[in-house]
Amino acid sequence: YFFKFLFDNIRVKIFELDSLFKKEHINKIKYFEVKNQPIINFYEFSDSESIYQKLLVPMSKNYNYTLNPIKLNQNVNIPIKSYSTLIKNFLRPIKKSLVNIKFRPIKKSKKILSVNCREIESVGDYFAKEGWQIYPFTIKHNTKVDEKFSKLFMGKLAVNKIILNEFSFLDIEFFNLIKNRIEFFCNSLISILDHYYSLDNYINKNNFNIVFFETLTPFKVENVLLPLICKNRKIPYVCWMHGGAGNNKTLNGYKFSDHIFGSHYFIYGEQYKDLIHKYNSKFKLIPHVTGSPLIIKRYANYIAPKNKKKVVTIVTGPTGNRNIYHLFDDPNYRFDYYFPLKAAIKIAAKYKNKYRVIIRLHDNKSQRDLINNLLKKNNAQHIELIDTKAMPFKKIVSISDLFINFIVSTTFYEECISNADIFIYDNSDLTNKTKKIINNRSFWFNNIKTFSNDLNKYLEDGIFHQKSNDNSFLNDNFNWNRKSEIAQNTYNTVKNIVEL
């Protein structure tokens, strides 16, 4: 199924280029040539690559244009985790094990396996008191390359005309674009099968009563293999939603995987449950409204700031969306929210002396470079750039008086818990129910001009905390009105699933 991500990405790009070439009758194309990157995940191109560039050569035969590549001095980007990240990843399972030992009951306990699910781990103390034990998943997958099998498979694939015909769209053949990724996957297929049998033995030996996942995407191979094992052994398993969801009719990111391969699905609020039944019933998920004990615990001691100079925080979303296509109906998503971000920076720059302005970066260096260029153009170098490594989002929430957002996401929910006002420009396919209540807690806009004018007036007037006391959005989307019961409700839900 995950190769479908590749298919969708490439076919959408072919459609876009085909539409452009038919409309504009282009006879010459100049482009900046980017180098191919090492394959990290077989199912997606890295953000440093260009699918458009890969398509220009095969499509030139159909549209009779000439290519003029412009070479750049470009290094190959290989993601390397920092030493601190490596140490944290090494210590995390050890820390979990020590916590589990502290609360380990003497009598025989029910056993929960947590596959990186921080939500269930955050209520581990409550479960331990009820005689349940949470075990963190710590088995590593050691990839072994089997080129013999890969060459045999690729050789047979290359002469199978029926299969090769599937790698064609609008008379453009694109097998050559992804054959190295198929080969990359096949190289490790034997080791994946070995890992499956190892995991099956592990599950059988430990007699887990239920298994929890953060996601069912193939970022890690156990996210795919363990659900199969659970099904075969009739062990219930749960995927606990991560990231903001339930406010859009379409699904963003990799939530497709969670829906398609899921069974029991723990979600934040009633609205998402209604949405699953209305638009995604074909996935046969069993949704349970549980809220987020992790986020509730994170902000249990939140205190509203008392800033003399008010803090305005612009929250960026993830970059690297241009090589990903998931039918998410948001015109700004694939452009990394560049245009509303540009508008917000232009307005905030006018109030550099009146407010402390922060831009919370989401991820990589390319995002920082892009925003630095926008700041220079608007003479706004005084605006602070802060990433989550330098300051966790919890800390940013604790100091902010106003947030500026471009998507209803997890960070938006976290901001709603605070005492800050929220401006949000979101032109995606929000549900009617979301549109009805989102303005209770925030200033929501789907028109960039109105958003800009109202934000400018708000900052000019300087009257903060206008909508911070309304919890209707959180109640509907985050089970906020039952937050005090969240540990007990989670336990009751899990107990009922296991006893089915």
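Biologist: Is Arg 368 buried, partly exposed or exposed?

Modeller: This is a predicted model, in which local features need pLDDT of at least 70, side-chain atom pairs count only at pLDDT 80 or more, and totals for chains, interfaces and linings use all residues. Residues are numbered from 1 along each chain as its sequence is written, and side-chain values use heavy atoms, with hydrogens and water left out. Buried means under 20% relative accessible area, exposed means over 50%, and partly exposed lies in between (1.4 Å probe, protein chains only). Arg 368 has 30% relative accessibility, so Arg 368 counts as partly exposed.

Biologist: With which residue does the side chain of Arg 368 meet in a salt bridge?

Modeller: Side chains of opposite charge can pair when their charged atoms come close. A salt bridge is a side-chain nitrogen of Lys or Arg within 4 Å of a carboxyl oxygen of Asp or Glu. Here the partner of Arg 368 is Asp 387, at 3.4 Å from N to O, and Asp 387 is buried, with a relative accessible area of 18%.

Biologist: How many salt bridges are there by this rule?

Modeller: The count comes to 15, and one of the pairs is Arg 181 with Glu 49, whose closest N and O atoms are 3.1 Å apart. Arg 181 is buried at a relative accessible area of 2%, and Glu 49 is buried at 8%. Together with Lys 54, these two residues are linked in a network of salt bridges.

Biologist: What is the phi of Asn 64?

Modeller: Most residues other than glycine have a negative phi. The phi of Asn 64 is near 55 degrees, a positive value, and Asn 64 is exposed, with a relative accessible area of 65%.
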